[in-house]
Structure formats: structure tokens, C-alpha cells
Amino acid sequence: MSRTGEKYFIRAREVAKKGSYDEAIALLAKIPESYCWNCFELIFKARIIQLSDNPQIYNLSDAELALHRALEVFPDNVEAFIEMGHFQSAVNDNPQIAREFFEKARDMCNHYLEEITEGLSDL
């Protein structure tokens with residue numbers, strides 16, 4: 001992991017917690033292209049892009065791209081499906097596609113719940 005990228009990401013999270021979304025976006029933009037984003041970071045990036053008032057650095061299509069990337073690289077991440085469902089519903093105004101993402105997340109959660117229940121019953 002790039003130390004420079006990690007440093008910018010950590011700082012972006014800190015300023016975003018204070019509501020400074022434009023500053024967070026500026027910090028995310030400094031992360032080198034070679035940086036290996038994890039799923040949590042890609043989801044965070046998408047959320048911050050949506051909250052920022054500065055479309056000159058990133059725009060909503062960049063947020064959608066980050067979510068697609070999260071789903072591509074981390075296809076078992078429930079949070080990525082949930083976030084994409086919200087994005088499709090709120091930003092793209094596409095309830096049919098949003099439903100597909102939410103249903104996939106629900107199915108994944110049901111699977112995990114079945115595994116947890118089975119594990120607990122073995123105790």
C-alpha cells in the first residue's frame with residue numbers, strides 16, 4: 001500500500017468527519033493512481049463525492065465508478081451493494097436497478113444469517 005495514498009486517505013476521513021467534504025475530496029484527489037483502494041475506501045470515496053459541492057475535482061459519475069469498482073474487486077461486500085442501491089435510487093432515479101442491488105444485499109445477508117444460526121446451533 002502506498003504510504004502517501006494511505007496518509008491522504010486517513011486525513012480525508014478525518015476532515016470528512018468534521019463535515020469538510022470539499023477538503024476531503026481535495027485530499028482524495030492527491031492519492032496516486034497506483035494506490036490500491038480497498039472496498040471501504042472506494043465506498044467512502046463515492047459517499048464523499050456525493051456530499052461535496054465541488055464537481056471540478058470529481059463528479060457523480062466518478063462516485064458511480066468507485067462503487068462499480070468496489071463491486072468488481074470485492075463482489076462479496078454487502079455494503080457495496082447497499083450503497084449502489086442507494087446511489088441508483090437517489091442519484092440515478094432508477095428504482096428497478098436499485099431494487100436489484102438491494103435484493104442482492106438482502107440475499108447475501110440472509111445467507112450469512114443462515115450460517116450464523118447454524119453456527120450458534122452447533123454450540
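Colleague: What is the relative accessible area of Glu-79?
Modeller: This is a predicted model, in which local features need pLDDT of at least 70 and side-chain atom pairs count only at pLDDT 80 or more, while totals for chains, interfaces and linings use all residues. Residues are numbered from 1 along each chain as its sequence is written, and side-chain values use heavy atoms, with hydrogens and water left out. A residue is called buried under 20% relative accessible area, exposed over 50% and partly exposed in between, with a 1.4 Å probe and protein chains only. Glu-79 counts as partly exposed, because its relative accessible area is 32%.

Colleague: With which residue does Glu-79 form a salt bridge?
Modeller: A salt bridge requires a side-chain nitrogen of Lys or Arg within 4 Å of a carboxyl oxygen of Asp or Glu. The closest N and O atoms of the pair are 2.9 Å apart, and the partner of Glu-79 is Arg-47. Glu-79 lies in helix 5 and Arg-47 in helix 3 (residues 39-51), so parts that are 32 residues apart in sequence are tied together by this pair.

Colleague: Which side chain makes a polar contact with the side chain of Glu-83?
Modeller: Glu-83 lies in helix 5 (residues 78-90), helices being DSSP runs of H or I with at least four residues, numbered from the N terminus. Glu-83 is buried, because its relative accessible area is 11%, and, leaving out residues up to four places away in sequence, Glu-83 touches Ile-43, Arg-47, Gln-50 and Leu-67, where contact means heavy atoms within 4.5 Å. A polar contact is a pair of N or O atoms within 3.5 Å, where within protein one must be able to donate a hydrogen and the other to accept it, and residues adjacent in sequence count only if both atoms are side-chain atoms. At 2.9 Å, the side chain that makes this contact with Glu-83 is that of Arg-47.

Colleague: How many residues apart are Glu-23 and Arg-11, whose side chains meet in a salt bridge?
Modeller: The N to O distance between the side chains of Glu-23 and Arg-11 is 3.8 Å. Their pair links distant parts of the chain, with Glu-23 in helix 2 (residues 21-29) and Arg-11 in helix 1 (residues 3-17). Both are partly exposed, because the relative accessible area is 37% for Glu-23 and 35% for Arg-11. The separation of Glu-23 and Arg-11, in residues, is 12.

Colleague: What is the angle between the planes of Phe-9 and Phe-44?
Modeller: Rings of Phe, Tyr and Trp (its six-membered ring) pair if their centres lie within 6.5 Å, and planes under 30 degrees apart count as stacked, over 60 as edge-to-face and the rest as tilted. The structure holds 5 aromatic pairs, among them the edge-to-face pair of Phe-9 and Phe-44, with centres 5.2 Å apart and planes at 75 degrees. This pair links distant parts of the chain, Phe-9 in helix 1 and Phe-44 in helix 3, 35 residues apart. Phe-9 is buried because its relative accessible area is 3%, Phe-44 is buried because its relative accessibility is 11%, and the angle between their planes is 75 degrees.

Terms used:
Helix = DSSP H or I, 4+ residues; strand = E, 2+ residues; numbered from the N terminus.
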